[in-house]
Amino acid sequence: GMLFVFDSLEPRSFWMYRTLHPLDIIWLDENKRIVEIAENTEPCQSLDARECPTYGGVASSLYTVELAAGQVIQRGLKVGDRIEF
C-alpha cells in the first residue's frame, strides 16, 4: 500500500488517473481513525485527467492509505476503526 501524510486536517479527494489497478482508499483523522472509505476504485481510462471521477473529500483527514482492492473487506475495516502505523 501507500501512505499519504498531510500537514493539515481537511477534506481530501483522490482520483485514479494513470493508476494501473483498482484500489481501496482509506482516509484517517489525526487519531488514525478511519473517517471515510472508497472500495474498489477503478482506474480512470480517460486520457484527459479532467474526466476522471474523484473519491473521498467528505470527511477531514490527515492521512490517506491506498491498498489493493479488496483489502478493506478482507481485513474487515470500517469507519471508526483505528489503524496503527
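This briefing describes aromatic contacts, strand pairing, salt bridges and backbone features of one structure.

The structure is a predicted model, in which local features need pLDDT of at least 70 and side-chain atom pairs count only at pLDDT 80 or more, whereas totals for chains, interfaces and linings use all residues. Residues are numbered from 1 along each chain as its sequence is written, and side-chain values use heavy atoms, with hydrogens and water left out. The model contains five aromatic pairs and three salt bridges. Strands β2 and β3 pair in the antiparallel sense.

**Aromatic pairs and cluster**

- A search of the whole structure gives five aromatic pairs, where rings of Phe, Tyr and Trp (its six-membered ring) pair if their centres lie within 6.5 Å; planes under 30 degrees apart count as stacked, over 60 as edge-to-face and the rest as tilted.
- One of these pairs joins F4 and F6 in a stacked arrangement, with 6.5 Å centre to centre and 10° between the planes.
- F4 is partly exposed at a relative accessible area of 23%, and F6 is likewise partly exposed at 25%; buried means under 20% relative accessible area, exposed over 50%, and partly exposed in between (1.4 Å probe, protein chains only).
- Y63 and F85 make an edge-to-face pair, with 5.1 Å centre to centre and 80° between the planes.
- Y63 lies in strand β4 (residues 54–68) and F85 in the segment after α1 (71–75), so their pair ties together parts that are 22 residues apart in sequence; helices (H or I, at least four residues) and strands (E, at least two) are DSSP runs, numbered from the N terminus.
- Within this pair, Y63 is buried at 12% relative accessible area, while F85 is partly exposed at 44%.
- F4 and F6 also belong to one aromatic cluster together with F14 and W27.

**Charges over rings**

- The charged end of R12 sits over the ring of F6, 3.9 Å from the ring centre; the criterion is NZ of Lys or CZ of Arg within 6 Å of the ring centre and within 35 degrees of the ring normal.
- The ring of F85 has the charged end of K32 over it, 4.4 Å from the ring centre.

**Surface patch**

- L3, V5 and F85 form a nonpolar patch on the surface, with about 280 Å² of accessible area together.
- Such patches are made of residues with over 30% relative accessible area and no salt bridge, like charges being joined within 9 Å and nonpolar side chains (Val, Leu, Ile, Met, Phe, Trp, Tyr) within 5 Å.
- The areas come from the Shrake-Rupley method with a 1.4 Å probe, and for residues only the protein chains shown count as cover.
- V5, a member of the patch, belongs to strand β1 (residues 2–15) and is exposed, with a relative accessible area of 54%.

- Strand β2 (residues 23–28) pairs with strand β3 (residues 34–41) in the antiparallel sense over five bridges; two strands pair if DSSP finds at least two bridges between them.
- W27, a member of the aromatic cluster, stands opposite E36 in β3.
- The hairpin has five residues between the strands, and K32 takes a positive phi near 65° there.
- K32 is not a glycine, lies in the loop between β2 and β3 and counts as buried at 18% relative accessibility.
- N40, also not a glycine, has a positive phi of about 50°; N40 is found in strand β3 and is partly exposed at 41%.

**Salt bridges**

- Three salt bridges are counted, each requiring a side-chain nitrogen of Lys or Arg within 4 Å of a carboxyl oxygen of Asp or Glu.
- D48 and R50 meet through their side chains at 3.0 Å, N to O; D48 is partly exposed at 24%, whereas R50 is exposed at 75%.
- D81 and K78 form a salt bridge at 3.0 Å, N to O, and D81 counts as buried at 18% relative accessibility.
- E84 and R82 form a salt bridge at 4.0 Å, N to O; E84 is exposed at 69%, and R82 is partly exposed at 45%.
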